[in-house]
Amino acid sequence: METLRAILSTALILATVVVLIMLVYYLQPGLWLRARMAGLPMKYRHLVRMRWQQVPLRQVVDAAIRLHRKEMPYSWQQLQDHALKGGSLENVVNGLIAAREKGLNLSFEKAAEADLQGIDLNRLIAKAKPGRTEDHQSS
């Protein structure tokens, strides 16, 4: 009886450890904590929902953190949709930040559209004249 109890206790402890490891790997609470520490208004269930939708979590959260720190408008849905379409959030965010710093008016939608067409937004914005709206078709 004692042997059975010891085996069951050990099995329960091992199962708990395996479940915790899977949760940490699958749901990445460290990523959520990093987002919260950066001041993002993100609920953990939002991270879980993104994981279920197979959204690349790190890309989306990193993009949101960078945009939030620069006080630039964005929506989680825009970031997720662009990532799911196979776009480069890094290119879009870099382009948005560069455009703002150069005084250009570039919306997330235009930046995402240009990115999906394979346009390097940093290169395009480097060529642009300051203070104007850039038409991404002119590359």
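Predicted model: local features only at pLDDT ≥ 70, side-chain atom pairs only at ≥ 80, totals over all residues.
The largest nonpolar core comprises 37 residues. Within this core, the residues with the most contacts are Met50, Val60, Val61, Trp76, Leu79 and Leu96. Two or more residues each are given to the core by α2 (29-37), α3, α4, α5 (76-84), α6 (89-102), α7 (108-116) and α8 (121-127). In soluble globular proteins, nonpolar side chains tend to be buried together.

Helix α3 (residues 44-52) and helix α4 (residues 57-69) have axes that come within 10 Å and cross at roughly 135 degrees. Leu47, Met50 and Arg51 of α3 make the contact with Leu57, Val60 and Val61 of α4. By class, five nonpolar residues and one charged residue take part, with no polar residues. Leaving aside residues up to four places away in sequence, Val61 touches Leu31, Ala35, Leu40, Met42, Leu47, Met50 and Trp76.

Helix α6 is largely enclosed by the rest of the structure, because 10 of its 14 residues are buried. These buried residues are Leu89, Asn91, Val92, Val93, Asn94, Gly95, Leu96, Ile97, Ala98 and Ala99. Their cover includes α4, α5, α7 and α8. At 1.5 Å a residue, the 14 residues of α6 should span 20 Å, and the end C-alpha atoms of α6 are 20 Å apart, in agreement. Just after α6, Gly103 adopts a positive phi of about 85 degrees.

Note on methods:
Residues numbered from 1 in each chain as written. Heavy atoms only, no water. Axes fitted to C-alpha atoms, helices over the stretch in contact; angles between N-to-C directions. Helix = DSSP H or I, 4+ residues; strand = E, 2+ residues; numbered from the N terminus. Contact = heavy atoms within 4.5 Å. Nonpolar A, V, L, I, M, F, W, Y, C, P; charged D, E, K, R; others polar. Core = buried A, V, L, I, M, F, W, Y, C linked by side-chain atoms within 4.5 Å. Buried < 20%, exposed > 50% of the residue type's maximum accessible area, 1.4 Å probe, protein only. Expected span 1.5 Å × (residues − 1).
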